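Please work through the exercises below with the sequence and the coordinates open beside you, and try each task before reading its solution.

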Amino acid sequence: MPMALCLAERQRNQRGLAMRLHRIELAGFNPLGAESLKAMGLMSGIISWRLSLFVPTRGDGPAILARLLERFPISRVEARTAGAV
């Protein structure tokens, strides 16, 4: 069952599919804070005409995820249903 990490400030870390690759997407972020998230190491891309941010899955990915979770602690873990964003 797909799971999502609900983070502080109403953000969600969830697995997604973009450009035929599985990615760890940060959803619900404030676009005004996107530059600081990218400075933290998150990658960006435009998917369906909107800015999307992803945690790298290789290399520094675990360290970047740790920094993200330090800044935005997990508030709960929830199951995702089909079609959930």
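**Exercise 1: a hairpin at the sheet edge**

Task: In this predicted model, find how many residues lie between S4 and S5 in their hairpin, and which residue in the turn has a positive phi.

Solution: S4 and S5 form a hairpin with 2 residues between them, and Ser 48 in the turn has a positive phi of about 50 degrees. Strand S4 covers residues 43-47 and strand S5 covers residues 50-55; the two run antiparallel and are joined by 5 bridges. Across this pairing, Ile 47 stands opposite Arg 50 in S5.

**Exercise 2: from strands to sheet**

Task: Work out in what order the strands form the open sheet, and why one side of S4 and one side of S6 is left without a neighbour in the sheet.

Solution: The open sheet is formed by 6 strands in the order S4-S5-S3-S2-S1-S6, with antiparallel pairing. S4 and strand S6 (74-79) stand at the edges and each has a single partner strand, so one side of each is left without a neighbour in the sheet. On average, neighbouring strands of this sheet are turned by 40 degrees against each other, direction ignored. For S6, the pairing is with strand S1 (residues 3-7), to which 5 bridges join it in an antiparallel arrangement, and here Met 3 stands opposite Ala 79 in S6. Helix H2 (residues 61-71) packs on the sheet, where it touches S1, strand S2 (11-18), strand S3 (21-27), S5 and S6, and its direction makes about 110 degrees with that of S5.

**Exercise 3: a loop residue and its contacts**

Task: Decide whether Phe 72 is buried or exposed, and list which residues Phe 72 touches, not counting residues up to four places away in sequence.

Solution: Begin with the location, which is the loop between H2 and S6. Phe 72 has a relative accessible area of 7%, and since buried means under 20%, Phe 72 is buried. Leaving out residues up to four places away in sequence, Phe 72 touches Leu 7, Ala 8, Glu 9, Gln 11 and Leu 37. Although Phe 72 and Leu 7 are 65 residues apart along the chain, their C-alpha atoms are separated by 5.6 Å.

Gln 11, one of these contacts, lies in strand S2 and counts as buried at 4% relative accessibility. With the same exclusion of residues up to four places away in sequence, Gln 11 touches Leu 5, Cys 6, Leu 26, Ala 27, Gly 28, Phe 29, Leu 37 and Phe 72.

**Exercise 4: rings, charge and confidence**

Task: Find what sits over the ring of Phe 54, and where in the chain confidence is lowest and highest.

Solution: The charged end of Arg 23 sits over the ring of Phe 54, 5.2 Å from its centre, while the count of aromatic pairs comes to 0. Confidence is lowest in S2, at a mean of 86, and highest in helix H1 (residues 34-40), at 96. For the chain, the mean pLDDT is 89, and 94% of its residues reach 70 or more.

Key: Residues numbered from 1 in each chain as written. Predicted model: local features only at pLDDT ≥ 70, side-chain atom pairs only at ≥ 80, totals over all residues. Heavy atoms only, no water. Pairing = 2+ DSSP bridges. Helix = DSSP H or I, 4+ residues; strand = E, 2+ residues; numbered from the N terminus. Phe/Tyr/Trp six-rings, centres within 6.5 Å; stacked < 30°, edge-to-face > 60°. Lys NZ or Arg CZ within 6 Å of the ring centre and 35° of its normal. Axes fitted to C-alpha atoms, helices over the stretch in contact; angles between N-to-C directions. Contact = heavy atoms within 4.5 Å. Buried < 20%, exposed > 50% of the residue type's maximum accessible area, 1.4 Å probe, protein only. pLDDT = per-residue confidence, 0-100.
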